[in-house]
Amino acid sequence: MNRIVCKNNIFILETENTHYVLGVDSAGYNHHIHWGKKCDPSDYFINDIDDENSNSTKLDEYRQELTPFGQTMYRDCDIKAEFDDKCREINLKYDGYKITGDTLSLTFSDKYYPLEITLHYQIFENCDIIKRFTTIKNTGAKKIDFEKISSAQFSLPSVKPYTFRNTNGAWGGEFIETHDTLEGGYAVYETRKGASNHNNSPYFIAYQNADEKNGDVYFASLAYSGNFKISCSRDSYGITRVIMGFNDFDFSHTLDGGESLDTPPVYCGYTQGFGEMTRQMNVFAVNHLLPKQFNHKILPVLYNSWEATGFSVNAKQQIELAKRAAEIGVELFVMDDGWFGQRKDDHAGLGDWYVNEEKFPNGLDELINEVNRLGMDFGIWVEPEMVNADSDLFRAHPDWTYHYPHREACELRNQLVLNMTRKDVQDYIFNVLDDLLSNHNIKYIKWDMNRPFSETGAENLQNPKMYSYLHTMAVYSIVDRLKEKHPEVAIESCASGGGRCDLGALSHYDQAWTSDNTDGIDRITIQKGYSLLRPVKTMRAWVTDIEGINKPCSLDFRFAVAMQGSLGIGGDLTKYSDDDLEICRRNIALYKTIRDTVQFGDLYRLLDIEEDEVSLNQYVTADKSKSVAFIVANGTRFYKKRMPVCFDGLDKNKRYRITIGDTAYEKSGTYLMNVGIRMHIRGVDYNKIIIMEEI
């Protein structure tokens with residue numbers, strides 16, 4: 001049973017399997033009490049402590065939900081402000097609480113200044129995920145400038161060191177995992193580039209002696225696509241804390257009188273093992289986070305023309321690709337970059353979102369109508385947040401980019417970043433995209449963002465350091481407005497690959513582009529990192545002609561990897577042989593029979609390519625009636641991979657028909673999970689797709 005219990009200013013958030021407990025003492029300080037397995041609610045209390053000595057205060061030792069800057073609190077803080085008289089200390093008193101349905105709200109206010117802070121906690125039925133965010137309100141008439149604002153603070157229970165699992169990736173190598181044991185000091189995961197994901201990820205996963213099935217795992221993911229900071233610390237008392245929210249790099253936020261701010265939400269949980277963490281977040285995201293138009297709908301098999309044509313698109317060649325795509329079973333045809341303005345390469349045209357008449361002399365509808373006639377929907381690529389200096393838009397509005405008057409703008413990929421904090425820029429972007437969708441039968445937008453910010457001057461803002469937050473909110477707002485007006489259109493988040501794949505983006509976009517690296521072998525690792533705290537359904541995975549440098553793999557192998565997300569095709573189909581096209585046709589047909597299980601099923605990571613030389617991922621439907629497992633390996637060694645393959649997540653009391661290629665068995669769930677099927681995993685690019693169905 002999920003419920004919120006309050007007694008003597010101690011608050012118990014009871015989820016399906018856990019308790020999250022906090023309280024407020026008689027002096028008005030907030031305390032974190034417990035996060036983990038359920039206990040007797042009557043046993044919880046606030047432990048009073050005294051100052052250790054004049055250099056070690058009780059405030060520094062407190063485990064808290066919110067730590068303001070000031071008094072004798074010298075550890076890292078969640079919130080720091082400067083009031084009108086230049087005071088920079090916050091001194092809070094407790095004002096009370098409110099329970100509204102599934103949400104607990106605790107309100108505090110400064111004892112002198114007009115600052116009100118409310119901590120929000122929301123629980124959800126049938127899961128252990130808790131939503132946290134903070135509301136900050138200026139209740140006075142004079143402005144308050146904030147130097148730091150965080151969404152949530154966590155205090156982990158054990159005094160032994162935790163290992164933090166995050167990513168340290170790059171373009172083409174997103175979601176490469178790291179495991180850092182924090183014995184003392186600080187570990188920081190952050191971005192300063194304006195998008196959330198190429199390098200570190202906006203989450204923490206803290207564990208001790210954990211694996212896929214066992215061990216205490218604490219996790220929280222920040223739903224925000226701008227500059228974030230996750231600060232983890234372990235002090236001399238052995239207390240490990242995590243603070244997550246806006247990055248205080250080049251940041252401040254001003255609240256004028258009467259204004260308030262809701263921080264980006266954090267979704268947190270405690271599980272036994274990494275696998276249960278992934279499954280909880282996957283189901284939660286599908287049910288509660290993803291936009292409602294498509295959250296429970298199967299995503300179609302798409303074809304994207306980029307690798308086949310680059311910038312040199314035209315109607316005739318796109319139609320030829322569309323015919324090939326339709327023949328192999330594609331359901332959504334997407335034309336990528338190059339269709340607009342004077343876009344012949346990446347030096348010109350960005351910002352001019354009108355159809356290039358030389359490439360499409362009969363207009364865009366000639367292509368769209370043919371794509372529709374072939375039985376497919378049509379989608380298109382845009383990069384709305386960017387502009388080339390060589391464009392009609394920039395020549396007309398050079399002031400629409402982030403800039404400093406006396407500094408030369410840095411161009412990355414020959415483009416500049418539009419100042420999305422300006423209303424005229426927001427209106428322009430919405431209007432051109434709205435016109436595109438209103439005048440053409442477009443069912444899919446691939447929204448790209450190919451460079452980080454620089455020269456972040458924003459002369460239109462009273463406080464220019466608010467640019468990252470306001471830019472991110474503007475992107476979300478435009479996407480939401482487009483989806484409201486065009487509910488049949490799905491929108492993909494792309495940022496030079498997987499640069500914007502956080503839960504904030506996925507609360508507005510329907511899916512995400514995982515990486516520009518479509519190498520089948522690299523993708524095994526990239527997709528594993530993506531799957532940890534992001535819903536599998538949103539992970540676009542393509543089969544392309546990129547086989548990898550010095551590590552070629554077959555077309556079947558690439559399909560076996562890409563079918564573990566939402567399948568896309570990206571190769572030059574005009575160069576495919578009849579045999580290649582038949583491989584595509586066969587695999588796409590197979591994917592359509594299993595994609596419901598993949599996109600909505602529970603994921604079990606059973607073998608890891610880095611540790612076991614073999615990747616084995618299994619997906620199981622909620623009712624445990626169907627399952628599909630993917631085994632891929634590229635060059636196992638020493639003849640040692642003749643092994644029993646055991647599965648997971650099945651119903652031990654059910655019997656299943658298990659099909660491996662042309663061979664079928666009938667076995668119980670107990671047998672498949674404990675004895676398994678002995679397989680000889682060997683070969684240059686071994687791949688097998690195993691289907692299990694309840695008899």
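Trainee: How do the axes of helix α9 and helix α10 cross, and within what distance do they come?

Mentor: This is a predicted model, and in it the axes of helix α9 (residues 520-531) and helix α10 (residues 555-562) come within 9 Å and cross at roughly 10°. Angles under 35 degrees count as roughly parallel, so α9 is described as roughly parallel to α10.

Trainee: And which residues make that contact?

Mentor: On the α9 side the contact is made by Gly520, Ile521, Arg523, Ile524 and Gln527, while α10 contributes Phe557, Arg558, Val561 and Ala562.

Trainee: Why is α10 said to be largely enclosed by the rest of the structure?

Mentor: Seven of the eight residues of α10 are buried, so the helix is largely enclosed by the rest of the structure. Those buried residues are Leu555, Phe557, Arg558, Phe559, Ala560, Val561 and Ala562.

Trainee: What do the buried residues of α10 pack against?

Mentor: They pack against α9, against the strands β29 (539-543), β30 (566-569), β33 and β38 (686-694), and against helix α11 (578-600).

Trainee: Switching to the cores, which residues have the most contacts inside the largest nonpolar one?

Mentor: The largest nonpolar core has 85 residues, and the ones with the most contacts inside it are Trp339, Trp447, Leu567 and Ile569. Apart from that core lies another of 54 residues, among them Leu92, Tyr224, Val242 and Phe251.

Trainee: What does Ile569 touch, leaving out residues up to four places away in sequence?

Mentor: With those left out, Ile569 touches Val301, Leu302, Tyr303, Asn304, Val330, Val543, Phe559 and Ile588. One of these, Phe559, is also among the buried residues of α10.

Trainee: OK, sheets now. What is the strand order in the open sheet of six strands?

Mentor: The order is β31-β32-β33-β38-β35-β36, and the pairing is antiparallel. The edge strands are β31 (602-607) and β36 (663-668), each of which pairs on one side only. On average, neighbouring strands of this sheet are turned by 20° against each other, with direction ignored.

Trainee: How many bridges are there between β32 and β33?

Mentor: Strand β32 (residues 615-620) and strand β33 (residues 626-633) pair in the antiparallel sense over six bridges, and Tyr619 stands opposite Val628 in β33.

Trainee: Which residues of β34 are on its covered face, and which on the uncovered one?

Mentor: In strand β34 (residues 642-645), Met643 and Val645 make up the covered face, whereas Arg642 and Pro644 make up the uncovered one. In a regular strand the side chains alternate between the two faces of the sheet. Four bridges join β34 to strand β37 (residues 677-680), the two running antiparallel, and Met643 has Met679 as its bridge partner in β37.

Trainee: Last one, how far does helix α8 reach?

Mentor: Helix α8 (residues 467-485) has 19 residues and reaches 27 Å from its first C-alpha to its last, close to the 27 Å expected at 1.5 Å a residue. Its buried residues include Tyr467, His471, Val475, Ile478 and Leu482.

How values were computed: Residues are numbered from 1 along each chain as its sequence is written. This is a predicted model: local features need pLDDT of at least 70, side-chain atom pairs count only at pLDDT 80 or more; totals for chains, interfaces and linings use all residues. Side-chain values use heavy atoms; hydrogens and water are left out. A nonpolar core is a set of buried Ala, Val, Leu, Ile, Met, Phe, Trp, Tyr and Cys residues joined through side-chain atoms within 4.5 Å. Buried means under 20% relative accessible area, exposed over 50%, partly exposed in between (1.4 Å probe, protein chains only). Contact means heavy atoms within 4.5 Å. The expected span of a helix is 1.5 Å times one less than its number of residues. Two strands pair if DSSP finds at least two bridges between them. Axes are lines fitted to C-alpha atoms, for helices over the stretch in contact, and angles run from 0 to 180 degrees between N-to-C directions. Angles under 35 degrees count as roughly parallel, over 145 as roughly antiparallel, 65 to 115 as roughly perpendicular and the rest as oblique.
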